[in-house]
Amino acid sequence: MPSTPPPSYVIVGAGVFGISTALHLKSQHPNADVTLIDRHDLNARKRSAASWDWNKVIRADYRDIKYCRIALEAQDEWRANPLWSPFYHETGIYWISRTEFAQKVVDNFKELGHDAELDALPVQEARKLYGGIFDSADYEGVDKVLINKTSGWAEAKEALQAGIKKVVDMGVKYITAEVSLLEFDDETRCIGVAMNDGTSIAADRTILCTGAFTPVLLEKAASRTSCIEFRPRGRMIAAGVTTGLVTLDHKTAERFKEMPVCIQENPTERGPSNGTLPPIEGNQIKFWGQTIFQFPQGISRISQPPIGAEYNQWSVPEALKEDVAVAGKATFGEDRTDHWLIHNHRICWECVTPSEDFIISHHPASEGLFIATCGSFHGWKFLPVIGRYVTQMLDGTLESDLEKRWAWDRPVPEDPGKQWPRHNLRDLL
């Protein structure tokens, strides 16, 4: 008897989850028919997704030991895998928190049996490190600072482009198109996707790695099928945060050239954290702000990025520019940063869950539909490995505790986590 052919797959979105899923799915099932769809050309120099950035933090510094373990797996790949290692820079991390976060990370590494050069240092000792560049940071309410010299950062867009090239070389079909709708048969089984140009692509399994646009696609599916079970209903939301660059003068750049990533949780009333990354080409350092916001639109009032060229991500209101400026002051002190000119402000859109856990799951409303997204502003670092877990979910081999944690139909917490948006973009304009 002839063998049953492997199922065909359509992956929508060539960001972290999409690229990693395509890579691991094709590695695990070389004969599978895998198509990756993205709105941007294969060799596009710019992409509007939040994952397409100057640089991103790479760390295993987690209070949650499960994410700590998976992030350590990812870091091993960042260091050793020739696909990713050219883009990884192990500069260390300097994490300022009022909580017992520093000691919890140290305890997690110890429990996992992972040796690393990390410590929870008293403020007065920590602020002397790295030439004292953090001596004027905001340490209000802080007892200890996490110093982990095995954390770092990655060149974001370069790593993603390498990943896209790799999966295409492996035989994944890359299609440039704007997906507008999910396609269903008469039994609401998902059978593929429809594009803005009227064409469609059929597949046995459709995997949404669509970030901030996932809620919109699911809301459209609910309307088309008259099945409310498609709707996110508090499980996810499109949320934005603002970044900006500072170009350092030569003298400052020389002093900062050995700096680590810095994550700063003060001032706590503004949001979860702000921070900065080490200098990149042109002596530029990136900051991100603390204000996380949504942007409800349309009849359904679903939060989504603005409708406009590149989501109007470069049109940043003054209130959010100030939010980025606060990051500089909280990290390096007001006197040092007063004369710094922050430029290239950008709004980055992400899909966030109330618990800040990913969603990697079959969608119970439709056979053939799967969700792999919701990085919740901490998913980028998992680029080398997250697709392995998505593939395990598709194959039915994902470990049970992760299956429950990342399930679509898991309980929705009444009190969302810190990354859940507390502001409306309209109020900040």
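Colleague: Start with the strand pairing, please: which residue in E11 stands opposite Leu181?

Modeller: That's Ala194. Before I go on, some housekeeping: this is a predicted model, where local features need pLDDT of at least 70 and side-chain atom pairs count only at pLDDT 80 or more, while totals for chains, interfaces and linings use all residues. Residues are numbered from 1 along each chain as its sequence is written, and side-chain values use heavy atoms, with hydrogens and water left out.

Now the sheet around that pair. Three strands make an open sheet, ordered E10-E11-E12, and the pairing is antiparallel; two strands pair if DSSP finds at least two bridges between them, and elements are DSSP runs numbered from the N terminus (helices are H or I with at least four residues, strands are E with at least two). Strand E10 (179-184) and strand E12 (200-202) are the edges, each pairing on one side only. From one strand to the next, the twist averages 25°, with axes fitted as lines to C-alpha atoms (for helices, over the stretch in contact) and angles running from 0 to 180 degrees between N-to-C directions. E10 and strand E11 (residues 190-195) are joined by five bridges and run antiparallel.

Another strand to look at is E23 (residues 369-373), where five of its five residues are buried, buried being under 20% relative accessible area, exposed over 50% and partly exposed in between (1.4 Å probe, protein chains only). Leu369, Ile371 and Thr373 point one way from E23, and Phe370 and Ala372 point the other way. Its pairing comes in both senses. With strand E13 (residues 205-208), E23 pairs in the parallel sense over three bridges, and Ile207 has Phe370 as its bridge partner. With strand E22 (residues 359-362), E23 runs antiparallel over four bridges, and there Ser361 is partnered by Ile371. E22 and E23 form a hairpin with six residues between them, and Gly368 in the turn has a positive phi of about 95°.

The expected span is 1.5 Å times one less than the number of residues, and for the 15 residues of H8 (residues 318-332) that gives 21 Å, which agrees with end C-alpha atoms that are 21 Å apart. Its buried residues include Leu320, Val324 and Phe332. Just after H8, Gly333 takes a positive phi of about 95°.

On to loops. Ser48 sits in the loop between strand E2 (33-38) and strand E3 (55-58), and Ser48 counts as buried because its relative accessibility is 7%. Ser48 and Trp349 are 301 residues apart in sequence, but 9.0 Å apart in space, C-alpha to C-alpha. Pro413 belongs to the loop between helix H11 (400-405) and strand E24 (423-424); with a relative accessible area of 31%, Pro413 is partly exposed. The C-alpha atoms of Pro413 and Arg235 are separated by 9.1 Å, though these residues are 178 apart along the chain.
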